[in-house]
Amino acid sequence: MTIPISDVVELTSGTPQFRIQESFSDEAPVYILYGQPEMDDDLNGLSTVRDARRSIRTFDRVSTVNAGDVIFSLISGKATVVQENHAGYLFTQNFVVLIPSESIDAKYLVFMLNENCEIKRQLQSGQQGSAVLKYTIRQLSNLALPNLPVIEEQRIIGDLYFNQLKREALMNRIAANETLFLLGKIKEATKA
């Protein structure tokens, strides 16, 4: 038995970027755009320092993310939970915020969207024949979730999933830093 995602999640689409009227006034609020780099950081639980972040200054009403929001990329087909350091970022039409009801844990929802074979199959079936591989809000809203375990079990699964992703990201960061260190030493030795 399955559950329509619309029974347990409310969807909110992002602000169409082409409709945002950019302002050059110093009084206009500045919004940093939520993009794939921020999504990757939120998914692996790490923060990456970036020199330049895309931003826009506007008086328009725009959609922004809050810490704890579940966000889904219509480009990559991945979901994550927004971290505190990305709260207030503007999200565009390439993203959808999913507001889970009390019957589904946010991290468990992310786990299901990213890892469940049946959900992946449902999303990919709508991609066939498309020249540009972009998911739609309609595809997302038509998903059928498998029966949900009790909320305590969902929380355990969601926490395990995010902890493992963070562990993997930390191990990759350590390996990359070791490589840089070793290459630096080799370059030093070959100059002598």
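**Exercise 1.** In which helix is the place of Gln 154? Find its surroundings too.

*Solution.* The model is predicted. Step one: Gln 154 sits in helix α5, residues 151-191. Step two: the relative accessibility of Gln 154 is 0%, so this residue counts as buried. Step three: set aside neighbours within four places in sequence; Gln 154 then contacts Ser 103, Ile 104, Asp 105, Tyr 108, Leu 148 and Pro 149.

**Exercise 2.** Work out which parts of the chain the salt bridge between Asp 105 and Arg 155 ties together.

*Solution.* Start with the pair: the side chains of Asp 105 and Arg 155 meet at 4.0 Å, N to O. Asp 105 lies in the loop between β7 (95-100) and α2 (106-115), and Arg 155 in helix α5, so the bridge joins parts 50 residues apart in sequence. Now check accessibility. Asp 105 is buried, at 16%. Arg 155 is partly exposed, at 43%.

**Exercise 3.** Locate the partners Glu 188 and Lys 185.

*Solution.* Their closest N and O atoms are 4.0 Å apart, in a salt bridge. Both residues lie in helix α5, 3 residues apart, about one turn of the helix. Glu 188 counts as exposed at 52%. Lys 185 is partly exposed at 41%.

Methods: Residues numbered from 1 in each chain as written. Predicted model: local features only at pLDDT ≥ 70, side-chain atom pairs only at ≥ 80, totals over all residues. Heavy atoms only, no water. Helix = DSSP H or I, 4+ residues; strand = E, 2+ residues; numbered from the N terminus. Buried < 20%, exposed > 50% of the residue type's maximum accessible area, 1.4 Å probe, protein only. Contact = heavy atoms within 4.5 Å.
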